[in-house]
Structures are given as C-alpha cells and as structure tokens.
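I opened my notebook to record what I looked up in this structure. The entries follow the order in which I checked things.

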Amino acid sequence: MPSRRGLVISAEQMTLIEAVLERLRMVSGSQFAALVSTSGQPIAVSPQDGRTDTLSLAALAASSFAATRQLAQILSEREFTLLFHEGKEANLHVMQVTDQILLLITFGHETQVGRVRLYTSRALEVLKPALETAENTTGDDRVVNREYSREVGAAIDGLFSGQGDS
Amino acid sequence: MALINLAAREINYKIVYYGCGLCGKTTNIQYIHRRINPAARGRLVSLATEEERTLYFDFLPLSVGTVKGLRTRFHLYTVPGQSFYNASRTLVLQGTDGVVFVADSQVSRLDENVDSYLNLWDNLRSQGEDLSRLGIVLQMNKRDLSDVFSVSDLSELLNHTDSPVVEACALSGVGVFETLKTVCKQVIAKSTEA
C-alpha cells in the first residue's frame, strides 16, 4: 500500500546545507543560492537577507522544472536534470539534487555559466547523499503531534476569524 | 507532502484548489488575498492567459505564525480548470497535502463538475500515494444563483469520500474563509494521525 511521504530536514542536515550553499555562492561568484522541494517549498537560502521573494521563487522554479521534466518525457528523453534561464542582467540555474529537492542559483555578469556549473556539480556530490535520508519519511512525532494540531487549529481560527465570510 | 525543517523550526503544507473551468478557484484565492491580514500573506502569483483564465496556477503563501515553536505556513495553489490543461494540473498536484474541490453548483455545469472530479481522482491515484492521508473539502460554489443543485444531490455525485462540505459564493466571499479553515484543519489533523 502506498504511503504519504514527507520531507523532514534535521538540524544536522540543515547545518551542512547552509554551509554548502554559502560556500557554493562564494566560489562560483553567484548572487543567490537556494534549496527548494519539488512541490515548491523553500528549504534553505543563501544569503538570508530577505531581499529575494523566496516563496514565489521556489513555487515558480519548482513548477518550471516539473514542466521541463514533462517536456523530456514527450521528447522521449529519460530526463532533463538542468534548467537554465538566461537574462540580460541575471541568470537562473536549476538542478535536481534528489527526487524531491532542487538547487537554484542566480548569477549575473560577474561570473560565467561554466564556473557555476562546475561548482554546482561539486556541491551536488556533497548534498545528494546527505539529503537522500530526508526523503520518504512519514513525519516527526516529536514535533508534529496532537497538541500541535490543537494549537494550530486555534491559530487558524484566530487568523481567519476577523475576516468574517461576508 | 509536508516539508518539516527542524533546524529552521518550520512546517510548510500545500493545498490545491481544484475544479472545472470558471468554477471560482481563482476567485477564492483572490478573495483570501484581499481580505486576510497582509502580514500573514505573501505575494499572489498568477500565471494566467490574456483573458485572465488560469494558464498554469495561482499561488498564495499564508503564515499562521509560530505554534509550539514551529512557524507554520500553508501554500495555496489553484489548477487551470479547462480540460485540455491536464498536464499542468498533474504537476501542480505533486506533493499536495490537501485539496479543495470547488464545484460550480449550477445545473448546467453538471457534466463539467463530474469530469473534473473524476479527473482529480485519476490524477491523485497516478501519484501513487496514500490518499487517505489527504485533507479534502468540497466547496459548493455559486449558491447565490437560481438554478442550482441541492447540497445532497451534489454531495452524492462529488463526495464519495464523505469529506466536509462548505456552501459558498466566492465572489462575495461567503464560505471562502470557512473553506480555508476547514481544509487547513483537515490537513493538520491528517498529518498528525498515527
């Protein structure tokens, strides 16, 4: 019987991810690096300065990548594992890390796409084995439990109560 | 697929509004965006055609704040309703934790509702996951119009899972937040089930 899958990132994994993203951004000369889930949710970003709309970026990049995978199927290609958007000032590079995780990099004229690709491939060698254990988990009972469920329910009532269905 | 980030103390859930073309999916999301506390929402992203029909999806992130030390977010998506966009619908459904099926209550839209409902379940099954762990809500929209099906008739056709039903008129906002509350609570409850 199939089961609902979850994606749980541990503190140890997050420490590694943040270090790799920071290092990748430095050595590749990129402006921004992020890990996002294939369902469109951000996991980690570098730098954490809040200047990028990460939520929208993650949703759009994941959808764009999903569409690219479908295009590959239509073209009888096993998979496209890379997506590259070239702009006048900014470029976006998206690569698949695991079944459920993507790596996003943005960069401008200060670096070259070959350099970004080289260091991204090296980063993937570190990230991939570390993140495979995050997948196919069913949740974490220590934090997501009935007490949490009750309190979120109250928070939902509080947040939406003032809106009143007119 | 809930994303739980233990280091950042964050949980993200994904909810998809599904239904036939012009049933009111985007109207629901737009109403929520207009009326919710701006501090609790992110940017509304709409990928629409020039005629303002949804081409790929609408996206609206909502935050319910920090609960038991965990920042909890719901990411709302819509799918394109027109039948020929099924490839896009399948992609948007990936990894969803909950579904709001928005039914157009008008008698004249019966066939489109049934086709969309069957299409939803075909697409969910094709993802190979345990569907009993999904939060599902049926929203009966456009209840303000005159020639509409009764709630029981529509439930018989579009609710084989016996999920919660909310009557709505998304254009004026009736039932929109009730639907959102119901599906969010369903999603949380399902994610904490043993």
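Which residue in strand 5 of chain B is the bridge partner of E10(B)? I looked it up and found R71(B). I note here that the model is predicted.

**Entry 1: strand 2 of chain B**

I stayed with the strand that holds this bridge. Strand 2 of chain B covers residues 10-18, and eight of its nine residues are buried. The strand is therefore largely enclosed by the rest of the structure.

Next I listed its partners. Strand 5 of chain B, residues 70-78, runs parallel to strand 2 of chain B, and eight bridges join the two. Strand 6 of chain B, residues 98-104, also runs parallel to strand 2 of chain B, with four bridges. In that pairing I found I15(B) opposite G98(B).

Strand 1 of chain B, residues 3-5, runs antiparallel to strand 2 of chain B, and three bridges join them. I picked one pair to look at: I4(B) has I11(B) as its bridge partner in strand 2 of chain B. The two strands form a hairpin with four residues between them. I checked the turn and noted that R9(B) has a positive phi of about 55°.

**Entry 2: two helices of chain B**

At what angle do the axes of helix 1 and helix 5 of chain B cross? I read roughly 95°, with the axes coming within 10 Å. Angles of 65 to 115 degrees count as roughly perpendicular. Helix 1 and helix 5 of chain B are therefore roughly perpendicular to each other.

I then looked at the residues that meet. Helix 1 of chain B brings N28(B), Y31(B) and I32(B), and helix 5 of chain B brings V176(B), T179(B) and L180(B). The residues of this contact divide into four nonpolar, two polar and no charged.

**Entry 3: chain A overall**

I moved to chain A. I counted four helices and six strands there. Along the sequence the pattern reads β-α-β-β-α-β-β-β-α-α. Chain A has 166 residues, and buried ones make up 39% of them. I also looked at contacts with a separation of 6 or more: in chain A, 59% of them join residues 24 or more positions apart.

**Entry 4: the sheet of chain A**

In what order do the five strands of the open sheet in chain A stand? I wrote down 3-2-6-5-4, with antiparallel pairing. Strand 3 (42-46) and strand 4 (82-86) of chain A stand at the edges. Each has a single partner strand, so one side of each is left without a neighbour in the sheet. The twist averages 15° from one strand to the next.

I looked at one pairing in detail. Strand 2 of chain A, residues 32-37, pairs with strand 3 of chain A over four bridges, in the antiparallel sense. There A33(A) stands opposite S46(A).

**Entry 5: where the chains meet**

Strand 1 of chain A and strand 1 of chain B run parallel, and three bridges join them. I9(A) stands opposite N5(B) in this pairing.

**Entry 6: the nonpolar core**

Which residues touch the most other members of the largest nonpolar core? I listed L35(A), L102(A), L104(A) and F101(B), out of 98 residues in the core. Helix 2 of chain A gives the largest share, eight residues.

I ended with L104(A). Leaving aside neighbours within four places in sequence, L104(A) is in contact with residues including A33(A), L57(A), A61(A) and V94(A).

How values were computed:
Residues are numbered from 1 along each chain as its sequence is written. Chains are lettered from A and ligands numbered from 1 in the order in which they are written. This is a predicted model: local features need pLDDT of at least 70, side-chain atom pairs count only at pLDDT 80 or more; totals for chains, interfaces and linings use all residues. A residue is buried if 20 or more other C-beta atoms lie within 10 Å of its own, exposed if 12 or fewer, and partly exposed in between; C-beta atoms are placed from the backbone. Two strands pair if DSSP finds at least two bridges between them. Two residues are in contact if their C-beta atoms, placed from the backbone, lie within 7 Å. Axes are lines fitted to C-alpha atoms, for helices over the stretch in contact, and angles run from 0 to 180 degrees between N-to-C directions. Angles under 35 degrees count as roughly parallel, over 145 as roughly antiparallel, 65 to 115 as roughly perpendicular and the rest as oblique. Ala, Val, Leu, Ile, Met, Phe, Trp, Tyr, Cys and Pro count as nonpolar, Asp, Glu, Lys and Arg as charged, and the others, Gly among them, as polar. A nonpolar core is a set of buried Ala, Val, Leu, Ile, Met, Phe, Trp, Tyr and Cys residues joined through C-beta atoms within 7 Å.
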